[in-house]
Amino acid sequence: MLGSRTDLHIAGSVNGSRYCNEILLPYVRLFRGAMGLQFLFMDDNAPCHRTVAAEQLLESEDIERMDWPARSPDLNPIEHVWDFLGRRLTARTLPPVTIRELRLALQDEWAAMPQQLIDTLILSMGRRCETCRAVRGDHIPY
């Protein structure tokens with residue numbers, strides 16, 4: 001979110017049930033409550049995001065979801081976050097070799113990521129959406 005962030009939570013494989021119980025209910029529902037009517041939820045077309053359970057939960061909580069073109073992972077700013085984290089991990093003198101080390105390294109790099117970068121990515125969403133519309137949902141150069 002602009003100006004702030006939560007801790008990085010590493011979930012591993014997520015199915016529809018885990019998505020509802022471990023992401024939507026404890027985080028998205030509360031964040032929507034704090035944001036009020038201006039809240040627009042953005043996820044993508046990952047299978048766990050599009051389950052009947054997730055759809056019903058979002059509807060029951062009156063959470064409006066952003067329309068998401070079927071072929072546009074390039075809209076999601078999280079892809080740039082993953083790229084940033086990946087580059088930071090490979091630049092480490094001693095890269096992580098165990099799952100535990102990887103988790104800790106990712107959490108450290110997430111905490112060190114400049115908030116300005118996160119804010120810039122969020123603020124670029126309007127431009128990304130307009131560009132995507134202009135090319136009718138095809139690839140955009142971001």
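**Pockets, a helix and a buried arginine**

Mentor: The largest pocket holds about 2000 Å³ of space. The model is a predicted one.

Trainee: Which residues lie nearest the centre of the largest pocket?

Mentor: The lining of this pocket is made up of 42 residues. Those nearest the centre are Met1, Phe41, Met42, Asn76 and Ile78.

Trainee: Which helix gives the most to the lining of the largest pocket?

Mentor: Four helices, α1 (16-35), α3, α4 (99-112) and α5, each supply at least two lining residues. With 8 residues, the one that gives the most is α1.

Trainee: How many residues of that lining are nonpolar?

Mentor: In the largest pocket, the lining includes 7 polar and 5 charged residues. Cys and Pro count among the nonpolar residues, while Gly is counted as polar. The nonpolar residues of the lining number 30.

Trainee: What volume does the second largest pocket have, and which residues line it?

Mentor: The volume of the second largest pocket is about 170 Å³. Its lining divides into 5 nonpolar and 2 charged residues, with no polar ones. The lining residues are Met66, Asp67, Pro69, Leu75, Cys129, Cys132 and Arg133.

Trainee: Where on helix α6 do its buried residues fall, and within what arc?

Mentor: Helix α6 covers residues 125-134, and its buried residues are Met125, Arg128 and Cys132. Viewed down the helix axis, they line one face of α6, because they fall within an arc of 60 degrees.

Trainee: Which residues are exposed on the other side of α6, and which helices do the buried ones pack against?

Mentor: Arg133 and Ala134 are exposed on the other side of α6. The buried residues of α6 pack against two helices, α3 (78-90) and α5 (115-123).

Trainee: Is Arg65 buried or exposed?

Mentor: Arg65 sits in the loop between α2 (52-60) and α3. A residue is buried under 20% relative accessible area. Arg65 has a relative accessible area of 14%, so Arg65 is buried.

Trainee: Which side chain does a polar contact of 2.8 Å join to that of Arg65?

Mentor: Leaving aside neighbours within four places in sequence, Arg65 is in contact with Leu40, Phe41, Asp43, His49, Arg50, Glu55 and Leu58. The side chain of Arg65 reaches the backbone oxygen of His49 at 2.8 Å. The side chain joined to that of Arg65 by a polar contact of 2.8 Å is that of Glu55.

Note on methods. Residues are numbered from 1 along each chain as its sequence is written. This is a predicted model: local features need pLDDT of at least 70, side-chain atom pairs count only at pLDDT 80 or more; totals for chains, interfaces and linings use all residues. Side-chain values use heavy atoms; hydrogens and water are left out. Buried means under 20% relative accessible area, exposed over 50%, partly exposed in between (1.4 Å probe, protein chains only). The arc is that of the directions from the helix axis to the C-beta atoms. Contact means heavy atoms within 4.5 Å. On a 1 Å grid over the protein atoms alone, a cavity is a set of points where a 1.4 Å probe fits but cannot get out, and a pocket is an open set with protein on both sides within 12 Å along at least five of seven lines; lining residues have an atom within 4 Å of a point. Grid points are joined across faces, edges and corners, and a volume is the space filled by probe spheres set on the points. A polar contact is a pair of N or O atoms within 3.5 Å; within protein, one must be able to donate a hydrogen and the other to accept it, and residues adjacent in sequence count only if both atoms are side-chain atoms.
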